[in-house]
Amino acid sequence: MAVNIAVQKSNRQTLNEFIYSSKEGINRQQLSVNLNIPIPSDSIIISKVELEEFKKLELTGVYWSMKDVEKKVNRKSEWIKENILYPTKFRKILDAEHGGFVFYPRSKGQTWSFQATKMAKFLDQHFDQIFSQ
């Protein structure tokens, strides 16, 4: 059996509860507070789900160059090629010729092209494999 004693202070929206549970033999105090927090007029509050959707849309239809990938990974192109693009275990997934999302240049003068949404997801999912070599 639990006994609740609630005390509400004057016109404030503060509620103190003193709870005693004879079953547990424990005294607990719980404080509930309602706060008004002003949101600046140039800001909005959105759910995490909406934020994730906006992030996906930000990369949809975007293709990265090697320079873009260098910025995302914070490594030079030589390191990216050696540790991400050329190892067989990753190339099978990445190479557009095998259904992947990275265009591997076939001749001098051609540039790398990365489908941003899929490359970003790949980098997140394979972080441990990429950086534990």
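1. Contact is taken here to mean heavy atoms within 4.5 Å. Leaving aside neighbours within four places in sequence, histidine 126 is in contact with Phe90 and Ile93. The residue sits in the loop between H5 and H6. Histidine 126 counts as buried because its relative accessibility is 15%; buried means under 20% relative accessible area, exposed over 50%, and partly exposed in between, with a 1.4 Å probe and protein chains only.

2. The model is predicted: local features need pLDDT of at least 70 and side-chain atom pairs count only at pLDDT 80 or more, whereas totals for chains, interfaces and linings use all residues. Residues are numbered from 1 along each chain as its sequence is written, and side-chain values use heavy atoms, with hydrogens and water left out.

3. The protein has six helices and six strands, in the order β-β-β-α-β-α-α-α-β-β-α-α along the sequence. Helices (H or I, at least four residues) and strands (E, at least two) are DSSP runs, numbered from the N terminus.

4. Of the 133 residues in the protein, 24% are buried. Among contacts with a separation of 6 or more, 32% are between residues 24 or more positions apart. The protein exposes about 10,500 Å², of which carbon and sulfur atoms supply 52%; accessible areas come from the Shrake-Rupley method with a 1.4 Å probe, and for residues only the protein chains shown count as cover.

5. Helix H2 spans residues 66-73, and its buried residues are Met66, Val69, Glu70 and Val73. These buried residues fall within an arc of 105 degrees seen down the axis of H2, so they line one face of the helix; the arc is that of the directions from the helix axis to the C-beta atoms. On the other side of H2, Lys67, Lys71 and Lys72 are exposed.

6. The cover over the buried residues of H2 includes strand S4 (63-64), helix H3 (77-85), strand S6 (113-115), helix H5 (116-125) and helix H6 (127-131).

7. At its start, a side-chain oxygen of serine 65 reaches to within 3.3 Å of the backbone nitrogen of lysine 67. After H2 comes asparagine 74, with a positive phi near 65 degrees.

Technical notes: Polar contact = N/O pair within 3.5 Å; in protein donor to acceptor, adjacent residues only side chain to side chain.
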